Amino acid sequence: MTETLVLVVTGGVLFAAGTALLLARPLTRILLGAVLVGNGVNLLMLATSGAAGEAPLLYPGSDVTRMADPLPEAFVLTAIVITLALTSFLVTMAYRSWQLSGSDDVQDDTEDIRVVRRAEYAEERAAAPPRARRREMRRTFRARQARAEETAEESAGEDDPWQTILGRDE
């Protein structure tokens with residue numbers, strides 16, 4: 001009983017540490033977190049697989065109580081292969097990120113920033129009184145007109161920073 005308890009506690013600690021590492025920014029920590037979570041899940045699967053079951057092939061005189069159930073072991077072997085594949089993929093991503101940027105930090109997604117800014121703008125607009133909203137709508141309309149005129153004058157090959165940050169107004 002104490003062996004099982006030790007395995008459950010060890011698996012839980014590995015799983016918790018791996019989850020904490022998965023939430024970090026550098027890909028190396030994410031890689032270590034994925035490995036720890038995979039190993040923690042394997043330990044938990046083996047520890048909670050229950051009592052020994054009947055083996056598929058029995059020879060005369062074998063003791064059934066000393067045999068392990070092969071199904072949890074097969075699940076763990078499959079999980080080990082999947083964890084190895086995920087680890088090799090993350091190592092490749094971290095190495096490629098290091099080659100391109102000199103850092104393995106995961107960058108913020110520009111689309112996420114755009115969504116957050118639009119949500120903040122919508123909240124500010126909803127909180128404003130109706131008269132202020134009308135004034136702001138006029139200002140926004142004038143700003144859009146000015147941006148459209150500037151965009152028309154600029155060359156077609158250059159990106160508009162407003163469209164990069166806020167996206168197209170449709």
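The chain holds six helices and zero strands, where helices (H or I, at least four residues) and strands (E, at least two) are DSSP runs numbered from the N terminus. Read from that terminus, the elements follow the order α-α-α-α-α-α. The model is predicted: local features need pLDDT of at least 70, side-chain atom pairs count only at pLDDT 80 or more, and totals for chains, interfaces and linings use all residues. Residues are numbered from 1 along each chain as its sequence is written, and side-chain values use heavy atoms, with hydrogens and water left out.

**Confidence**

The average pLDDT of the chain (the predictor's confidence in each residue, from 0 to 100) is 79, and 76% of the residues score at least 70.

Where pLDDT is low, the predicted coordinates should not be read in detail.

**Surface and contacts**

Of the 170 residues in the chain, 18% are buried, that is, under 20% relative accessible area, with exposed meaning over 50% and partly exposed in between (1.4 Å probe, protein chains only). The accessible surface of the chain, by the Shrake-Rupley method with a 1.4 Å probe, comes to about 12900 Å², and carbon and sulfur atoms account for 62% of that area. Contact denotes heavy atoms within 4.5 Å; among contacts between residues at least 6 apart in sequence, 57% join residues at least 24 apart.

Helix H2 comprises 21 residues (residues 27-47), which at 1.5 Å a residue should span 30 Å, in agreement with the 30 Å between its end C-alpha atoms. The expected span is 1.5 Å times one less than the number of residues. Buried residues of H2 include Gly 33, Val 37, Gly 38, Gly 40 and Asn 42.

A nonpolar core is a set of buried Ala, Val, Leu, Ile, Met, Phe, Trp, Tyr and Cys residues joined through side-chain atoms within 4.5 Å. The largest one has six residues: Leu 27, Ile 30, Leu 31, Ala 34, Leu 90 and Ala 94. At least two of its residues come from each of H2 and helix H3 (70-101), and H2 gives the most, with four residues. Leaving aside neighbours within four places in sequence, Leu 90 contacts Ile 30, Leu 31 and Ala 34.

**Ser 97**

Ser 97 lies in helix H3 and is classed as buried because its relative accessible area is 18%. Not counting residues up to four places away in sequence, Ser 97 touches Leu 27, Gly 102, Ser 103, Asp 104 and Asp 105.
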